[in-house]
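Work through these exercises with the structure open. Each task is followed by a stepwise solution.

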Amino acid sequence: MGFGKHKPKMLLMGLKRSGKSSISNVVFHKMAPHETLFLEATTAIQKQNVMKFMDFQIWDLPGQIDYLSSSLDSNSVFSDVGGIVWVIDAQDNYLEPISRFTSAVVALTELYPSIRYSVFIHKTDSITEDYREDTIRDVMQKISDELFDEGLENPPVSYFPTSIYDHTIFEAFSKVIQGLVPQLPTYETLLDTVAASCRFQKVYIFEVTSKVYIASDTKPSDLSSYELCSDFINAIMDMYGLYSWDRPKTSSISPMDDERHQDVGAQTVEAMVCSARGNTVYLRELNAFLVFIGVSKEPNFQKEKAMVDYNIQMFQNTLLRVLDRG
C-alpha cells in the first residue's frame, strides 16, 4: 500500500546517551525496555525502514557529531526530511541539548522550511510528578525563549514527555508520524464519520507491528483509550499468529479454496470484546499492516454489531481506495 512518490524520512537527534536508539528499538523492533540497557552508543548514522505500509525511514544520528558544521555535507542528511525528533534527557542537565536544538532549528529553518520538529522530553518516568511537570514547562519555556530571541515566533515545534517504560513513547511517535502522512485530513474525516455513525467514543487506524496509530478521529486524544487499544491489539495479534491460517490472494483462490473461504467466513481478522475496563472494543483488519479499532461505551453494542460491521466494511473499502491513490 503506497503513498505515491511521497517517501517520508525522519531524523532522531539529540546528545549522546539521551535515549534515541532505545526509543527506536522499543517502538519499531519490539525490544523490551530493560534490554536497551545493553545497547552500545551510536557511532554512525543508522538508517532503518520501520513501517511496511509506507516507504518510511528513520535515521538515528550519533549525538557527538556536529551536523551543522561546514565540513560536512549536511544536504545529504537534511534534504527530503519530513520531521526531526530531538530527544532531551529530562534526568540530565538539559541546557546544552536545548542550545544545540535551537541552533539546529534556526540554521535549518532557512534552508529546509518544511521540516517539522518534535521534542521528546525523555526518561520522565523516574521523575516525581511535581518535578516532572516543572521540568516539562522549563524545557518548553527555554526553547520558546531562545527561538523567539532568534526571530522565530511560531516555529513548528511540538513537545512530548516520553518514557520507553509506558505508552507515552508510542503516543508521541503516533503524533509525529501523523505529521508525515499526506492523507491525514482524509483519514480523520472518514474516522469522524465512522465514530458518529457507530457511536464510538474514539477510533483509530493502527499499524499493527509498531502499535503506532497513523490516524484517529478529531476528538481529543485519550491516553487511557490508546493503552486499552494497544493492549487489545497485542492480545488479538498473538492469538491470530497462533491460530490463523494462510489466506491466499483472491486471484489465486481455487474453487476448493473459495469454498473454504465461504465456510470460514470473513477473510479479515475481527474481534469484539464487551466489558474491557468498562468499554467495548472492536477491531477489524484493514490490510496486512493496518487495523481499525474503536472504543464504545454503548451497553447495547452487541445488538448493533451488524450495523457496525456494515459501516466498517464501507469505511475499509473507501480507505483502501485512498491508499491505492497514494
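**Exercise 1.** In which helix do lysine 142 and aspartate 138 both lie, and how many residues apart are they?

Solution. Step 1: note the basis. This is a predicted model, where local features need pLDDT of at least 70, side-chain atom pairs count only at pLDDT 80 or more, and totals for chains, interfaces and linings use all residues. Residues are numbered from 1 along each chain as its sequence is written, and side-chain values use heavy atoms, without hydrogens and water.
Step 1: locate the pair. Both sit in helix 4 (residues 129–149), four residues apart, about one turn of the helix. Helices are DSSP runs of H or I with at least four residues, numbered from the N terminus.
Step 2: check the side chains. Lysine 142 and aspartate 138 form a salt bridge, N to O 2.7 Å. The rule asks for a side-chain nitrogen of Lys or Arg within 4 Å of a carboxyl oxygen of Asp or Glu.

**Exercise 2.** Is aspartate 217 buried or exposed?

Solution. Step 1: set the cut-offs. Buried means under 20% relative accessible area, exposed over 50%, partly exposed in between (1.4 Å probe, protein chains only).
Step 1: apply them. Aspartate 217 has 2% relative accessibility, so it is buried. Its salt-bridge partner lysine 219, at 2.6 Å between the closest N and O atoms, is partly exposed at 34%.

**Exercise 3.** Which residue forms a salt bridge with lysine 305?

Solution. Step 1: find the partner. It is aspartate 309, with closest N and O atoms 3.2 Å apart.
Step 2: look for shared partners elsewhere.

Note on methods
Helices (H or I, at least four residues) and strands (E, at least two) are DSSP runs, numbered from the N terminus.
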